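Subject: Handover of a structure model and findings

Dear colleague,

Please find below the structure that I am handing over to you.

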Amino acid sequence: MAGKVALLLWAQTLGLAGAQTTQLLVEPPWRPAVLWDRVTLTCQGSGTASATIWYKDGQRLWRQGSDHFKPKTKGTYQCCRPGTGHSLPVSVSEDWLVLQVPVKALVEGDTVKLRCRGWRNNTVTSVSFYHEEKKLQELRDGTELSLSPLQLHHSGRYSCKGSVDYWGWKESAPVPVTVTVHVAAGVGGALLFLLLLVGVIVAWHQWHRVVPRKQQERALPDPPAPPEEGQVLYTHVVDPQVTYAGLQGPQGRPPEPGDIYRNVL
């Protein structure tokens with residue numbers, strides 16, 4: 001029992017430490033990707049490349065058997081690998097104006113640049129950046145917004161507005177930004193050690209509860225065998241010269257007052 005508990009906790013700890021999932025990588029590494037960048041999607045997961053299945057907007061594509069894919073139209077793409085399932089979706093845009101965020105972990109204290117791009121790299125001027133629909137900054141010539149150092153309150157949805165050549169004023173779709181807490185290098189290892197220590201303590205506790213109980217169950221005497229018909233159940237002396245014996249009743253059932261036969265021993 002203790003061994004099973006320890007193995008289970010060990011498996012759960014390893015699962016928390018590094019659960020494998022299907023990853024969909026995008027090159028160039030920006031989100032949302034834009035079609036005019038000639039994006040390449042790469043599917044990583046368990047199994048072989050020939051087992052890769054591709055999806056667009058939730059519908060399975062005819063193309064499969066390759067872990068690389070070059071989108072030809074805008075949409076939301078996913079891939080699937082046996083054993084690790086579906087990847088997170090990746091959006092490929094072809095809007096007039098797109099706000100892009102680097103595809104990487106945005107950690108507290110780091111620096112990140114958001115960029116506002118016009119359709120097929122058309123020139124964008126008078127760019128304004130917004131955070132949760134609140135205007136942050138307006139640029140006459142630039143198209144990038146730098147957030148440094150990143151703080152947790154920087155999380156939220158960002159968008160941009162600007163003039164795209166002679167097509168006029170355009171507004172991008174909002175893009176989510178999530179800032180995570182910085183974790184020191186040794187903290188992850190310490191957390192793993194703590195989980196393992198808890199697993200050992202629980203297993204030890206379970207062992208010391210179960211083993212004595214099983215030993216006690218083994219030490220209990222076996223119940224007596226049922227008496228045979230005619231077997232003497234008890235004797236008592238009423239007169240110093242006469243002894244009476246109680247015999248089991250007929251059919252082997254327990255004796256009743258009317259079943260007692262007086263036999264002089």
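This is a predicted model: local features need pLDDT of at least 70, side-chain atom pairs count only at pLDDT 80 or more; totals for chains, interfaces and linings use all residues.

Residues are numbered from 1 along each chain as its sequence is written, and side-chain values use heavy atoms, with hydrogens and water left out.

The chain as a whole

The protein chain contains two helices and 22 strands. These elements are DSSP runs numbered from the N terminus (helices: H or I, at least four residues; strands: E, at least two). The chain has 265 residues, of which 30% count as buried. Buried means under 20% relative accessible area, exposed over 50%, and partly exposed in between, with a 1.4 Å probe and protein chains only. Taking contacts between residues at least 6 apart in sequence, 54% join residues at least 24 apart. Contact here means heavy atoms within 4.5 Å.

The four-stranded sheet

Four strands make up an open sheet in the order β2-β11-β13-β16, with antiparallel pairing. Its edge strands are β2 and β16, each of which pairs on one side only. Two strands are said to pair if DSSP finds at least two bridges between them.

Strand β11 (residues 97–102) is largely enclosed by the rest of the structure, because six of its six residues are buried. L97, L99 and V101 point one way from β11, while V98, Q100 and P102 point the other way, and all are buried. Two bridges connect β2 and β11, and W30 has P102 in β11 as its bridge partner. On the β13 side, four bridges join β11 to β13, with Q100 standing opposite R115 in β13.

Strand β13 (residues 112–118) also pairs with β16 in the antiparallel sense, over four bridges. There, R115 stands opposite E144 in β16. Which residues does R115 contact, leaving aside its neighbours within four places in sequence? They are W30, V98, L99, Q100, T143 and E144. The C-alpha atoms of R115 and F129 are separated by 9.3 Å, the two residues being 14 apart along the chain.

In a regular strand the side chains alternate between the two faces of the sheet.

The three-stranded sheet

A further open sheet has three strands in the order β1-β4-β7, with antiparallel pairing. The edge strands are β1 and β7 (68–69), and each pairs on one side only. Strand β4 (residues 40–44) and β7 are paired over two bridges; the bridge partner of T42 in β7 is H68.

Strand β14 and its partners

Six of the eight residues of strand β14 (residues 124–131) are buried, so β14 is largely enclosed by the rest of the structure. It pairs in the antiparallel sense with strand β17 (residues 156–164) over six bridges, where T125 has S163 as its bridge partner. Five bridges join β14 to strand β15 (residues 134–139), also antiparallel, and S128 stands opposite E138 in β15. The hairpin of β14 and β15 has two residues between the strands, and E132 takes a positive phi near 50 degrees.

The largest pocket

The largest pocket has a volume of about 600 Å³. Of its 29 lining residues, R31, L88, P89, V90 and V103 are the closest to its centre. Two or more lining residues come from each of β1 (23–27), β2 (30–31), β8 (75–81), β10 (90–93) and β19 (175–177). A pocket is an open set of points, on a 1 Å grid over the protein atoms alone, where a 1.4 Å probe fits, with protein on both sides within 12 Å along at least five of seven lines; lining residues have an atom within 4 Å of a point. The lining divides into 17 nonpolar, nine polar and three charged residues. Ala, Val, Leu, Ile, Met, Phe, Trp, Tyr, Cys and Pro count as nonpolar, Asp, Glu, Lys and Arg as charged, and the others, Gly among them, as polar.

Yours sincerely

Methods
Grid points are joined across faces, edges and corners, and a volume is the space filled by probe spheres set on the points.
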